[in-house]
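Here are a few friendly notes to read alongside the coordinates. Have a look at the model first, then go through the points in order.

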Amino acid sequence: MDKTSIHGMWSSRLMFILAATGSAVGLGNIWRFPYMASDNGGGAFVLVYLACIAIVGLPILIAEILIGRHGRVSPVNTLRGLAKESGTSRNWVAIGWLGIVAGILILSFYSVVAGWTLHYAWLYLKQLFGGAAITDPGATFTSLLSNPFELTFWHGLFMLLTVAVVALGVEHGLERAVRFLMPALFLMLLILVAYGFTTGHVGEAAAFLFRPDWSKIDGNVFLRAMGQAFFTLSLGMCAMMTYGAYLPRSGISIPRVGAAVALTDTAVALLAGMAIFPLVIAFGLDPAGGGPGLIFNSLPLAFNEMPFGIVYGLLFFGLLSVAAWTSSISLLEPATAFLVEKYGMASRKRAALSIAVLCWALGLLSVLSLNVWSDVRILDRDIMTFIEFIANDLMLPLGGMLIALFTGWALNNTILREQLSEMPEALFTAWRWLLRIVAPALVLVVLLRALA
Ligand code: PHE
């Protein structure tokens, strides 16, 4: 049981928490959460999202980490091993494959959006040295999206950053990146929230975010909120499972670290909402229907007004790029670890690079859907939104549901008890029934209602 992972190990519990939080906290919290709330009725969406985190997300997060820690290898091989050990069907390996495909699809557009944030960090850096101010954020954003070459450049640069860390491995790459950057991001957000207070619109922002308008809730809001809950916790695609595989065997309570990660992640999303919406309202923009451009259209207005706004702009987009970076690493790692196991240790660099090139090429579809192919529609969506929808809102909940069923019904009880030895009996039982019945049933109802 004291096996270590061939890919390396986290050097401490704190390092695991930072890495897992680094994976969870990313564009999902600061870019996607505010605009999802904006597009899906504010408070109603937020409430469903919070419920999904607590009832479905946290139990599955615990399941993923424990499966990883027991299996010790990449998701496909971990599931193969665990299914065998529990004497159950080999078909559960499909969870691993589903995760790998979802990770590749997500990374393809994630990197494009992360490229936007890199571009904005660069714009503020230039301003610091006398470059032109962003006087009309709407126009700046539209002109970025209409330029496929610029988008491809930043998307490529971001993918290079991601592959560089993953190629270096767990201790030298992943750990070093998250150690200082996560605390810095948190601090920045607090400063922005404080600035939001000075606008005098905090009350309206809170009302938009937290006062549910029940008439807005329909099957679609449930699906988007559930998808967002999975996306923001990096669940359903075996990222957390892979990170769990690098966790030391003893001295760490999985439910505790899981709860710490889920709480931090939720706090960052809510803080991001409370930083952004007061500004949106203060500058006369509509809090509803902001779409993916929400933060790019609203925050630069505030940075223009704030004292030291340019420095804040640089810090904010710089750190957002970093948050995206510590997440994208975890999108690339599962497929990389799998290739390493398949073709031997020496090839980590080559493994990471092959997957990254694939994701980069797929990302070009998203790049082009923003301009040249903007008229192409699949199921009423442009290509980028379509890929995002399939991967985030369908594949992640489906993967999560299968993980819940596998852990709840198929996995051998001794393994569960051994991995969760610190968990009191009553909590353990509650957790198990959440996985067996509640979480899968909720996901199923939401998927069926949305697709019907
Ligand atoms: N959780 C990340 C975010 O919120 C995205 C992510 C999803 C990362 C799935 C890994 C796996 O930005």
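1. In this predicted model, an N or O atom in the side chain of Asn29 sits 3.4 Å from an oxygen atom of the ligand. The backbone takes part as well: a polar backbone atom of Ala24 is 2.9 Å from a ligand oxygen, and a backbone N or O atom of Ser23 lies 3.1 Å from a ligand nitrogen. Of the 320 Å² of accessible area that the ligand has on its own, the protein covers 100%.

2. Next, the nonpolar core. The largest one holds 163 residues, and within that core Trp116 and Trp431 touch the most other members. Helix α5 (residues 94-128) supplies the largest share of this core, with 19 residues.

3. Trp116 deserves a moment on screen. Leaving aside residues up to four places away in sequence, its contacts are Trp31, Phe141, Leu144, Leu145, Leu151, Pro292, Phe296, Leu370 and Met384. One of these partners, Leu151, is also among the buried residues of helix α7.

4. Helix α7 runs over residues 148-168. Its 21 residues span 30 Å from first C-alpha to last, close to the 30 Å expected at 1.5 Å a residue. Buried positions in α7 include Pro148, Trp154, His155, Gly156, Phe158 and Met159.

5. Asn147 caps the N-terminal end, with a side-chain oxygen 3.1 Å from the backbone nitrogen of Phe149. Just after the helix, Gly169 adopts a positive phi of about 95 degrees.

Definitions and conventions. Residues numbered from 1 in each chain as written. Predicted model: local features only at pLDDT ≥ 70, side-chain atom pairs only at ≥ 80, totals over all residues. Heavy atoms only, no water. Core = buried A, V, L, I, M, F, W, Y, C linked by side-chain atoms within 4.5 Å. Buried < 20%, exposed > 50% of the residue type's maximum accessible area, 1.4 Å probe, protein only. Helix = DSSP H or I, 4+ residues; strand = E, 2+ residues; numbered from the N terminus. Contact = heavy atoms within 4.5 Å. Polar contact = N/O pair within 3.5 Å; in protein donor to acceptor, adjacent residues only side chain to side chain. Areas by Shrake-Rupley, 256 points an atom, 1.4 Å probe, with all protein chains shown as cover. Expected span 1.5 Å × (residues − 1).
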